[in-house]
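Here is a short report on side-chain contacts, ring pairs and a chain interface. Please have the sequence and model open as you read.

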Amino acid sequence: MRFEWIVAWRFLREGGLQTALIIIGAALGIAFIVFITGFLGELQRDIVQRTLGVQPHVTIKPLEEVARPLRQGDARGSSRGDAPIVLSDVQPRGQRLRSIDQWQAAVARLRENPDVRAISPLVAGPGLVTRGDSNKSLSIIGIVAQPYAAVTRLDQKLIAGTLQVDPGDVLLGRDLAEDLGVGIGDTVRLSTPTSPGDTYRVRGIFDLGAKNLNQLYAYVGLATAQALHALPGGVTSIEITVDDLWDAQRVASDLSLTIPHRVESWIQTNQQLMVALSNQTLMTRMIRFTFGLVVAIGVASVLMVAVVQKTREIGILRAMGTSRGRVLRVFLVQGAIIGLIGAVLGCAVGYALALFMSGVLTSADGSRLFNAHLDFRLYFFTTLGAVVLGVVSAALPARRAARLDPAQAIRM
Amino acid sequence: MNTARTAAPIVSLSGVHKRFNEGLPNETEVLHGIDLTVEAGEFASLIGPSGSGKSTLLNLLGLLDRPSAGEYLLKGVPTGTASDDERTQARLDTLGFVFQFHHLLPEFSALENVMLPGLMRDGAFTPANRASARELLAAVGLSDAMEKRPGELSGGMQQRVAIARALALAPDLVLADEPTGNLDTHSADEAFALLRRFNRERGCAFIVVTHDPRLAARCDRVIELRDGMIERDGPVASATDAPDPKR
C-alpha cells in the first residue's frame, strides 16, 4: 500500500487550493456534526435533569394490589337462560401505603447489578405541615441523607442550611418555606392521616428548580417518616441511579427480572418528555445525515475533477506498470486522507464552537445551558466515520480512474 | 544480462491485425497482418507517414492495446489471453516507455520520477532504488537537477529524465514514440545519442518511432510501415551514408 499512499499524498499536495478547499469544506461539515452531537447530548441531559428534579432514574415500588373475585361470572350459563344470573361487580382496590416486602433483600439484589450506581430506600406519604394558622398539604419523605443525595443530588440543590435529617429535623422547599414564613432553625408541625404528628426544626431549604416541587416535598429522617406513616421498618420505594441516563429503561427491565416488585424507569414515567427528546434526536440525526451527505458529495465531485485533470498522469502510471487496482486505491486513499484530515480539523473546530456557544447560551437562571467538554469517544467515531465516508465518496472517481484506457489517456 | 536470452526473440508478431470500432458500421482496419521479430539488443526505428499505423503498432507492442487477430509473443510468452494485471506486470518487468511529450509526473522530482518504476515494483522507495536512479540521472548528465521538479527543467532535460525512467528497471525493450519530436536539433541529437549509448552499454532493445530520416539513418534497422503493412524491413541502407559512431 506504500505506493498508493505516496502517490495519493503527492496528488493531494499538488492539488493545492483545490485540496485545501475540500478539506476545509469537509472540516466545517464535520465540525458542525461534532458540535451538534455534543450539544444535543449535553442539552438533553440538562433538560432531563431539570425536568426530573428529584425523580430518580429507576424506582422500585411494591406491586399494585388487585382485587381477586372469588366467583367468576359464567357467560355460557347466562346465555342458556336456565342458569341463575349472577350479578357481580368487581371494583379495583384503592392502593394503600404499603412497604416493599423484604426490601432489604431487594436492596442486596440491586447492589449486584453492575449498572446501578446508587440506591436509596425511602418512605413517602401524604401529610400536612402546619405553622400557626397556615396549613399546607404535602408529601412527607423519609430518607437516609447520604444515599439519597447520591441518587438525586439533593445536596447540590440546598440553598440554605445543611442536608441533615436527624430525628426532629426537616428540610423544606424554598417556596413552601416562604409560604409558611419559616427559615433555618424555625419549627413546623408535621402530621399525617395516621399520626397526630410532632414539631420539627427546619435544617435546610432546597430549590428543585420548579415551584410546584418546592411546595410539594418535605424531607425527614427515614425512621421519622416510618413512624409518621405508620410503616415501622418499611420503605415505600427504592430509588436508583444508573450509570447511563438513557440506559435506564434497559436496566429497569433487567432489574424487574431479579426482584418481585414493580420497577419503573424515568423514561416510562415521563413519556411526553421522552417523545419530545426522541423527536429532537431524530431531527438532529437528519441534520447530521444531510451534512454528511453534502460532505460526501463535495469530496466525490472534487476527486472526479481530479481524475479528469490527472488523466494523462494516470495513463503514464498505467503504461509504466501500475495495475488497475493500484490506481483505484490511489484515489480511495485520497478520499481517506481528506476524511482523516477533515475529521481531525473538524473535531477541533467543533470543540471550539462548543466552547464558544457554551458561553453564549444560558438557561433561565443564568447558569450555562451546557458545558463543552472533550468527548474522545465521539471524536474517535467521527474520525472513523469520516474516513469511511471519504473512501465511499472516492469510490466513483476511483473506479473511473481505474477504467481509463492507458493508450488513450496518454494522448490527452 | 543479455547473454542468456538467446532462446526467444523479445518481440514476435505473426499475422497481427488491428481493427477499431469492430462490428460497427465505421469499422476500420489499421494494421493488416504484421509479421515482425525483434531480437534482444536490437536498435530499430519504426518509420512511416502519418496514419500508417505506427502508434497503433507501438501500443500493441507496449501491451497497451490488444490485437484483433494474430499473435504477439513477448519474450516467447503469448500475450493474447493474459489478464490486464498480467499485462501490467509484463509492462513493469519487461518494457520501458519514452513518450514524445516526456510525460513526467509533475508531483515528483526528477529523481523520484526515475524511482517510480522501482516504487511500483517494491512498494517503497528503497535505498538501492535511490542509488540506481542517481546513477541513471548522472549517466544522462543531470546530476545537478535531481531534486528539481519537471516544471523547472527544459524540454531536453525532461526527455533525458524520461529516458532514465524508462531504463530504471533494466527493461528488455524500450519503446520510444517520437522521443525527439518535440526537441530542438541539439537536444534531439543528445537524447538520441543517449538511447544509442544505453543500447550499447546495457544491451536492451529499442524500437524508436520517428519522422526524422536523419535519426532513422542512425539506427541499425529500419522498419517502414505504409497503410498498415510493413513495406520495408532491413538494415540501414549503407554504412557509408550513415556513420555508425554517434555524430
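The side chains of T130(A) and N135(A) are joined by a polar contact of 3.1 Å. This comes from a predicted model. T130(A) belongs to strand β2 of chain A, which covers residues 116-131. Is T130(A) buried or exposed? T130(A) has a relative accessible area of 19%. The cut-off for buried is under 20%, so T130(A) counts as buried. Setting aside neighbours within four places in sequence, T130(A) contacts N135(A), V188(A) and R189(A).

**Aromatic rings**

How many aromatic pairs does a search of the whole structure find? Over all chains, there are 12. The table gives two of these pairs.

| Ring pair | Distance between centres | Angle between planes | Class |
|---|---|---|---|
| Y217(A) and Y219(A) | 6.2 Å | 35° | tilted |
| F97(B) and F99(B) | 5.8 Å | 10° | stacked |

Why the two labels? Planes under 30 degrees apart count as stacked, and those over 60 as edge-to-face. The planes of Y217(A) and Y219(A) are at 35°, so that pair is tilted. The planes of F97(B) and F99(B) are at 10°, so that pair is stacked.

Y217(A) is buried, with a relative accessible area of 16%. Y219(A) is buried too, with a value of 0%. In chain B, F97(B) and F99(B) are both buried. Y217(A) and Y219(A) also belong to a cluster: ring pairs link them with Y148(A) and F206(A).

**Between the chains**

Interface size is often stated as the accessible area lost when the parts come together. Between chain B and chain A, about 2,400 Å² is buried. Carbon and sulfur atoms give 59% of that area.

Counted by contact, 25 residues of chain B touch 26 residues of chain A. There are 5 salt bridges between the two chains. R324(A) and D84(B) meet through their side chains in a salt bridge, at 3.8 Å from N to O. On the chain B side, the elements giving two or more residues are α1 (54-61), α2 (84-94) and α3 (110-122).

Methods:
Residues are numbered from 1 along each chain as its sequence is written. Chains are lettered from A and ligands numbered from 1 in the order in which they are written. This is a predicted model: local features need pLDDT of at least 70, side-chain atom pairs count only at pLDDT 80 or more; totals for chains, interfaces and linings use all residues. Side-chain values use heavy atoms; hydrogens and water are left out. Helices (H or I, at least four residues) and strands (E, at least two) are DSSP runs, numbered from the N terminus. Buried means under 20% relative accessible area, exposed over 50%, partly exposed in between (1.4 Å probe, protein chains only). A polar contact is a pair of N or O atoms within 3.5 Å; within protein, one must be able to donate a hydrogen and the other to accept it, and residues adjacent in sequence count only if both atoms are side-chain atoms. Contact means heavy atoms within 4.5 Å. Rings of Phe, Tyr and Trp (its six-membered ring) pair if their centres lie within 6.5 Å; planes under 30 degrees apart count as stacked, over 60 as edge-to-face and the rest as tilted. Buried area is the accessible area (1.4 Å probe) that two parts lose on being put together, summed over both. A salt bridge is a side-chain nitrogen of Lys or Arg within 4 Å of a carboxyl oxygen of Asp or Glu.
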